[in-house]
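This report describes the pockets of one protein model and some points of its backbone geometry. Please consult the sequence and the structure displayed below while reading.

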Amino acid sequence: MDSTVRTDSFIEVTGGTLSILSSETGEPIGHPIPIGPEPCIVGRGDHCQIVLDDPRVSTSHCELIATDRGVHVKDLDSRNGTFVHQARLDPGAYLATDARLRCGQTWLALKVASPEPVPISTLGSFGPIVGRSAAMRRIYARLASLAPHDLSVLITGETGTGKELVAEAIHKASRRAGGPFIVVDCTTIPASLAESRLFGHEKGAFTGAVSRQVSPFVEAHGGTVFFDELGELPTEIQPKLLRALEARQIQSVGSTRYQPIDVRIVAATRRNMHEEINSKRFRDDLYHRFAQALVHVPPLRERAEDIPDLVARFLSDLGDPGAITRIDKPTLDRLMRHDWTGNVRELRNVVVTAHAISNGGPIEVTELLGTRRPLGGLQLADRAASTRSFSVRKTELLEAFEREFFTELHRDAGGNVSEMARMSGLSRPTVRQYLDRYGLRVSE
């Protein structure tokens with residue numbers, strides 16, 4: 001994929017500088033640190049851009065970032081809080097004027113600068129990612145600049161925002177595009193088998209090791225390893241993983257030799273990793289290794305203008321691009337007003353279902369939005385009120401469609417969750433929820 005993205009458009013963001021103040025004189029110490037569009041972390045950890053030697057400061061204490069609304073200051077679930085002047089942040093605020101911040105017992109001076117232009121892409125998509133909003137076009141410009149390099153990238157965002165698509169886009173726009181893209185699902189790694197899952201094992205290495213298992217780092221040689229839901233990685237394996245990434249070599253369980261690895265690392269998480277670090281559930285040095293560059297994917301409710309393009313893409317993926325003409329403007333407006341707690345994944349499920357039950361007629365979504373529940377919680381309307389009501393009948397059709405769809409998907413993929421996720425465009429956790437709901441067994 002061509003990683004060249006024109007950046008003739010700009011948005012203006014307000015940043016500034018942050019200086020540590022002397023506890024004795026109240027004057028700035030050292031050089032001021034610039035606050036730009038990328039997060040500036042303040043804390044005691046080595047991963048922080050501003051490191052404070054203050055025992056009352058948390059490992060990751062607070063974050064500052066330049067935005068179009070001013071400098072956004074956010075407390076990162078610190079132990080003793082972040083204060084603007086004498087007011088405690090809960091959890092953050094936008095600052096458009098100079099201010100003094102306090103972290104622990106340390107005061108810092110924020111000097112706000114004039115707005116500056118930040119380039120954004122002129123394109124409405126980047127690889128598999130779709131959306132013409134300024135927020136997404138800014139991401140496209142960042143991905144285009146990151147993709148050619150081998151920096152590790154950490155992608156953050158709520159569940160269903162499309163983080164895995166962003167990872168795939170980085171891989172396809174990189175010099176490693178011809179190599180494999182191997183997914184490590186951290187939600188499925190038990191602590192007792194973590195070393196074997198990540199580094200592989202030799203036949204007979206332990207009870208039950210009836211055959212040799214190849215490490216994903218070996219499978220992905222020359223390509224990319226994607227750690228999905230990095231925040232779920234067992235703490236027991238984190239030190240060994242850090243050593244492997246630093247040394248660029250691994251040792252499989254039961255082997256006496258090390259094997260060099262040649263991969264790029266991309267990861268994603270829905271968790272606030274700074275809270276994980278402060279709670280000692282994730283090592284700050286390992287976080288630094290994964291987060292050489294950061295990409296945050298905004299929730300769908302913050303970029304509702306992307307919904308028409310997303311709907312058109314979903315219908316095209318279904319092999320029926322002309323179906324977009326069967327969705328009228330009031331329906332699109334309804335989609336754009338909805339609070340998509342499940343983000344892009346939820347929107348896709350609604351569009352796929354609405355298309356399936358439209359039978360070639362107008363595609364309606366109102367009833368689906370009105371009665372839809374989180375996965376596993378769909379309920380039938382009260383049959384006592386009307387056993388043939390419209391909403392009941394539509395819900396029955398929806399459940400029948402889902403059962404048939406996942407039964408066929410399970411059969412075609414041989415019960416393999418990763419293959420079912422690839423074929424359906426859903427995440428592995430979502431596929432597992434549907435399989436559990438309809439009693440379909442997973443192949444190990």
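## Second largest pocket

About 1,200 Å³ of space lies in the second largest pocket of this predicted model. A pocket is defined on a 1 Å grid over the protein atoms alone, as an open set of points where a 1.4 Å probe fits, with protein on both sides within 12 Å along at least five of seven lines; lining residues have an atom within 4 Å of a point. Grid points are joined across faces, edges and corners, and the volume is the space filled by probe spheres set on the points. The pocket is lined by 44 residues, of which Glu 164, Leu 165, Gly 425, Leu 426 and Ser 427 are the closest to its centre.

Helix H2 (163–172) is among the elements that supply at least two residues of this lining, and H2 contributes the largest share, seven residues. Others include helix H13 (417–424) and helix H14 (428–437). Helices (H or I, at least four residues) and strands (E, at least two) are DSSP runs, numbered from the N terminus. By class, the lining divides into 17 nonpolar, 11 polar and 16 charged residues; Ala, Val, Leu, Ile, Met, Phe, Trp, Tyr, Cys and Pro count as nonpolar, Asp, Glu, Lys and Arg as charged, and the others, Gly among them, as polar.

## Largest pocket

The largest pocket has a volume of about 1,600 Å³. Its lining comprises 45 residues, and those closest to the centre are Ile 65, His 296, Val 297, Pro 298 and Glu 302. Elements giving two or more residues to this lining include strand S6 (62–67), helix H1 (134–146) and strand S22 (293–296).

H1 gives the most, with seven residues. The lining holds 22 nonpolar, nine polar and 14 charged residues.

## Backbone geometry

Most residues other than glycine have a negative phi, and most peptide bonds are trans. The bond from Asp 90 to Pro 91 is cis, with omega near -5°; Pro 91 belongs to the loop between strand S9 (87–88) and strand S10 (92–95).

Lys 280, in the loop between H6 and helix H7 (284–290), has a positive phi of about 65°. Asn 343, in helix H10, has a positive phi near 60°. Asn 343 counts as buried (under 20%) because its value is 0%.

## Basis of the values

Residues are numbered from 1 along each chain as its sequence is written, and side-chain values use heavy atoms, with hydrogens and water left out. In this predicted model, local features need pLDDT of at least 70 and side-chain atom pairs count only at pLDDT 80 or more, whereas totals for chains, interfaces and linings use all residues.

Technical notes:
Buried means under 20% relative accessible area, exposed over 50%, partly exposed in between (1.4 Å probe, protein chains only).
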